[in-house]
Amino acid sequence: MLKSLYIDIRNRLRELIAGTEFDGKVFFVGGCCRDDIMGTEIKDIDISVALPDGGICLAQWLHENGHLAGEVSAFPEFHTAKFRLADFPDVELESVHTRKETYPDRGSRNPVTDYGTHEEDCFRRDFTVNALYQNISTGEIIDITGKGLDDIREQIIRTPSDPFVKFDEDPLRILRCIRFAARFGWKIAQETFDAMRTMVPRMEILTPGRISEEFMKMLSDAHPAMAMELLKSTGAMHYVLPVFEQTYDMAQNKYHFGTVWDHTVAVLKETAKQTDDVYVRLAALLHDIGKIGIREEILNKPG
């Protein structure tokens with residue numbers, strides 16, 4: 001959405017909650033704050049409410065006072081609600097109370113959540129640049145980690161707390177880290193990168209569906225070739241498309257440069273300059289994958 005629309009929604013919410021129990025307790029959070037600061041397109045607006053069950057309570061209060069278009073979609077098990085303001089019926093907003101998380105089952109990436117402090121909500125998030133808040137009532141940008149704003153300026157992806165713990169709790173964050181780095185063309189902080197390489201075996205608990213979803217987003221981002229190189233260098237490719245591991249050192253004949261992997265990444269990089277069609281990019285990535293089987297057949301052929 002345009003920044004002007006984003007500001008209009010923020011201003012309207014500020015007017016509506018002024019003088020209520022929600023005044024000073026409602027925040028835009030995460031990607032919308034990051035994208036607003038960066039000046040890029042804002043896709044989704046997420047709202048954090050620093051009150052127990054505040055996400056649902058805010059949505060219900062707005063509905064009861066006639067400020068919504070349509071009904072509230074509430075999800076009590078997640079303490080979230082989705083709604084549309086009457087003045088902006090085409091924009092869906094999602095609200096949730098500030099949360100803390102625990103991970104009692106190491107065989108699952110799904111946490112147990114409960115109402116938490118603002119600080120607990122911040123440090124449970126994946127990366128510093130996604131842990132920024134804007135107070136709707138005052139307009140103040142809040143950077144609890146003290147690193148989010150600097151990391152945007154310096155173009156760095158890092159976790160808000162110990163990266164080894166973050167990736168152990170939810171190894172999908174390894175793929176998300178690669179995706180964000182490739183989306184923006186940013187570097188990954190060294191400690192965060194080291195933790196990704198160490199904790200990559202935890203990816204074995206991820207479902208194929210979640211891996212596929214992140215992988216396709218990588219291909220659709222601005223720098224898909226960079227994402228593929230990061231999958232290789234972190235070891236995550238073993239859990240995404242392990243067949244590619246056979247191409248890393250696979251030599252080619254004199255009519256081709258580099259290894260099969262080098263050639264594949266180069267083709268993907270050039271294709272991405274020509275089209276943002278994710279399926280064309282996927283075809284570029286896979287165009288030489290058959291060399292693995294063919295090469296094996298030739299090497300094993302008698303005589």
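Helix α8 (residues 190-199) packs with helix α10 (residues 224-234) at an angle of about 60°, and their axes are 9 Å apart. Helices (H or I, at least four residues) and strands (E, at least two) are DSSP runs, numbered from the N terminus. Axes are lines fitted to C-alpha atoms, for helices over the stretch in contact, and angles run from 0 to 180 degrees between N-to-C directions.

The model is predicted, so local features need pLDDT of at least 70 and side-chain atom pairs count only at pLDDT 80 or more, while totals for chains, interfaces and linings use all residues. Residues are numbered from 1 along each chain as its sequence is written, and side-chain values use heavy atoms, with hydrogens and water left out.

**Exercise 1. Find which residues of α8 and α10 meet, and sort their contact by class.**

Step 1: Look for contacts, meaning heavy atoms within 4.5 Å. From α8 come F193, M196 and R197, and from α10 come L230, S233 and T234.

Step 2: Sort by class: Ala, Val, Leu, Ile, Met, Phe, Trp, Tyr, Cys and Pro count as nonpolar, Asp, Glu, Lys and Arg as charged, and the others, Gly among them, as polar. The contact of α8 with α10 has 3 nonpolar, 2 polar and 1 charged residues.

**Exercise 2. Describe how α2 and α7 pack.**

Step 1: Start with the geometry. Helix α2 (residues 31-38) makes an angle of about 20° with helix α7 (residues 172-184), and their axes are 14 Å apart. That makes α2 roughly parallel to α7; angles under 35 degrees count as roughly parallel, over 145 as roughly antiparallel, 65 to 115 as roughly perpendicular and the rest as oblique.

Step 2: The crossing of the helices α2 and α7 is right-handed. A crossing gets this name if the near helix is turned clockwise from the far one by less than a right angle, and is left-handed if the turn is anticlockwise.

Step 3: Name the residues. R34, D35 and M38 belong to α2, and they meet F180, R183 and F184 of α7. By class, this contact of α2 with α7 has 3 nonpolar, no polar and 3 charged residues.

Step 4: Check burial, where buried means under 20% relative accessible area, exposed over 50% and partly exposed in between (1.4 Å probe, protein chains only). C32, C33, R34, D35 and D36 of α2 are buried. Their cover includes α1, β1, β2, β8, α5 (148-154) and α7.

**Exercise 3. Is H118 buried or exposed, and what is H118 in contact with?**

Step 1: Locate H118 in helix α4 (residues 118-123).

Step 2: H118 counts as buried, at 16% relative accessibility.

Step 3: Set aside neighbours within four places in sequence; H118 is then in contact with F27, T98, Y133, I142 and I144.

**Exercise 4. Repeat the approach for R179.**

Step 1: R179 lies in helix α7, and its relative accessible area of 8% makes R179 buried.

Step 2: Not counting residues up to four places away in sequence, R179 touches E214, K217, M218 and D221.

Step 3: Compare sequence with space. R179 and L230 are 51 residues apart in sequence, and their C-alpha atoms are 9.3 Å apart.
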